[in-house]
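This briefing covers a predicted model.

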Amino acid sequence: MASIISLQVSTYLSRNSEFKSRSQVQVRNLAREDSVTLSSDSVQENGNSVVIETQRNGSFIETQRNGSLVSVANGHLNARVDERKKAKDVKDWKGLKVLWDDGYGSETVKDYFDIAEDLTKPDGGPVRWFCPVECGRPLEDAPLLLFLPGMDGVGLGLILHHKALGKVFEVRCMHIPIYNRTPFEGLLKFVEETVRVEHASFPNKPIYLVGDSFGGCLALAIAARNPTIDLVLILVNPATSFGKSQLQPLLPVLEALPNEFHFTVPYLLSLTMGDPTKMAMINVESGLPPSWLLEKLYENLSALLPRLSRLAEIIPKETLQWKLKLLKSGSSYANSRLHAVKAEVLVLASGKDNMLPSGDEAKRLGRTLKNCRVRIFKDNGHTLLLEDNISLLTAIKATSMYRKSTRHDYITDFLPPSISEFNYAFNKVNGLLRLVTSPVMFSTLENGKVVRGLAGVPSEGPVLLVGYHMLMGLEIGSFLEGFLREKKILVRGVAHPQLFSRKFENLSSEISYYDLVKVFGGLPVSASNFFKLFKQKSHVLLFPGGAREALHRKGEAYKLFWPEQPEFVRMAARFGATIVPFGVVGEDDVLELVLDYDDMMNIPILNDYIKESNRETKNVRADMRGEVANQDLFLPGVLPKVPGRFYYLFGKPIETKGREALLKDRNNANDLYLQIKSEVEQSIAYLKKKRREDPYRGFIDRMVYRALNAPLDQVPSFDS
């Protein structure tokens, strides 16, 4: 079985007359969960240190010489051999399951300090790459991700994210030993040679550069010098704003500070680097009772705060002085070449960064760079990747920036949501709506019996769920959550293409509602996307009424605005998909529509605003007749009500397998189309009638029952 040998985060330098260093290496057998720690030599070759990383699968040794990667196979020096290809026959990961465990919370900032203490033992060796053992083996054809660290240089800045990133990237982290004095240009050459060798081996794959603070300057410089290489830059509080930083005046103070007082510097730095409370909250469950939450937080803080003194060991006085000079030169170098950056860029910035003006800098980079997205986390500090409430992989997925080839594909590049993403979306973001609406779902069995739950909906795809779109799409969150909780099925929703454009991005939000739509499988509506989803036997959600139905006028609640063409029926029949019509009610129990499209168009200022904002919007129904073609996007004026309840009813499944006549005979397809539309209307009528019999339709009644008897998802409803 293949064993992966990678540098364990516990290296040390033993100085002797031959300047020979030894590193501990951990060997992990992927077939068995055992591991053994070996020792490998890092020796001099032609006056330069050589770090060797070995994969025991055949005779493959990957060697790093002068910052460039080459491979030694069967005694011959060759171009780099890709271990992913060498290990194809023993590949463990064939794909990620829905609600996979991304390991978030299993490592904390306490672990960062504990491991960094070993990594920073006196070491004057070269700059090097290491592969964290926690990352494991990625999916097949996973792209390379290079982590470029901040001022600490340890390379452990992704420690909270190793397990998640390791599933979908080949992760390598750069380590700069504390006594290494390689100048900025030398570090630049080191990373650049690695990037160029990787690009030469896999010219059609992107290379991800995650630059944290100082590492952001390195990443931008690499992109500027290599405009023809497909790079994706993730910049976390990039130090390009160092000229405006509070660290600038620190350099002369450090030079004059006596050595015996350097122990105070780590505490001063810790006040500017991040929020200890957010660091301590990483593995604290949000749903805990307040007393338990405080107890866990106190326990974590008690373990974390004493470790802050170790910053003096990670960044000694001379090293800190050198790193501040590196920051200055790196910032100047990167800023002078921003015009040459053509790479895809995502900037993640903190709103409470006391070390750098990162929020303003992110906005500046967003305006300056040609292909740049920005997300600002308003309550986080400088050490964003070591704090709670941020998952790097989620941010990449939310901005549609994960890809394995030259262009992002919503089908082949999609990564299913993890369990931590599920908890974030449906406990934190959608939790309040779920609490006040207490959604209840019913489905119809083959014999026509209506039962509570989703037993009547087929678990095997392809399945097309077709139904009514409530005001502002209020039903979507609970819809997706219900299928994930009960059936562990992710329903891929097709939506208006404008929702995936940058016009809907908000710099002030961290991970917005529209971002979560992408994380949970949303994709632009198109014939090709339907084709690919059905071919993958997916569960697909379609609202034929689209934006016109979700943004209906006053008095139009529960009215269907469907096109005349039965195209989705013919597409479903082509793949033998099962069609499940459904109805949903409850919008009129939650919101009062006070200002609709007609009202707004009668107000000159709003009229001009809506027309201007929709000027470049693609109308996916422009070739159709009737009301459904009127799809101007706008935000209606609504007022909240004392909330009622959401009710869903999924009708009896309609099989299209074996009904090839639907493909050839448009009349047959149209008859089935009208049948589906009629069943959706009947489901809505059924729910509107039956909800009057629900003793727990009112919010207060449900809360009283929940307090005395059962969890939210077990509150009774009407008898079906």
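**Aromatic pairs**

The count of aromatic pairs comes to 29.

*Tyr-410 and Phe-500*
- The ring centres of Tyr-410 and Phe-500 lie 5.6 Å apart with planes at 75°, so this pair is edge-to-face, the class for angles over 60 degrees.
- Distant parts of the chain are linked here, as the two residues are 90 residues apart.
- Tyr-410 sits in the loop between helix H13 (392–398) and helix H14 (419–429), and Phe-500 in the loop between strand E19 (491–495) and helix H17 (513–519).
- Phe-500 has a relative accessible area of 9% and is therefore buried, the cut-off being under 20%.

*Phe-479 and Phe-650*
- Phe-479 and Phe-650 make a tilted pair, with 5.6 Å from centre to centre and 55° between the planes.
- Because Phe-479 belongs to helix H16 (residues 476–487) and Phe-650 to strand E25 (residues 647–650), the pair ties together parts 171 residues apart in sequence.
- Phe-479 is buried at 0% relative accessible area, and Phe-650 is buried at 0% as well.
- Ring pairs join Phe-479 and Phe-650 with Phe-483, Phe-543, Phe-582 and Tyr-648 in a cluster.

**Charges over rings**
- The charged end of Arg-548 is placed over the ring of Phe-561, 4.1 Å from the ring centre.
- Lys-205 lies over the face of Phe-202, 5.6 Å from the centre of that ring.

**Helix H5**
- H5 (residues 214–225) spans 17 Å between its first and last C-alpha, close to the expected 16 Å.
- Of its 12 residues, 11 are buried, including Phe-214, Cys-217 and Ile-222.
- These buried residues pack against several elements, among them helix H4 (184–201), strand E12 (207–212) and helix H11 (317–335).

Terms used
Residues numbered from 1 in each chain as written. Predicted model: local features only at pLDDT ≥ 70, side-chain atom pairs only at ≥ 80, totals over all residues. Heavy atoms only, no water. Helix = DSSP H or I, 4+ residues; strand = E, 2+ residues; numbered from the N terminus. Expected span 1.5 Å × (residues − 1). Buried < 20%, exposed > 50% of the residue type's maximum accessible area, 1.4 Å probe, protein only. Contact = heavy atoms within 4.5 Å. Phe/Tyr/Trp six-rings, centres within 6.5 Å; stacked < 30°, edge-to-face > 60°. Lys NZ or Arg CZ within 6 Å of the ring centre and 35° of its normal.
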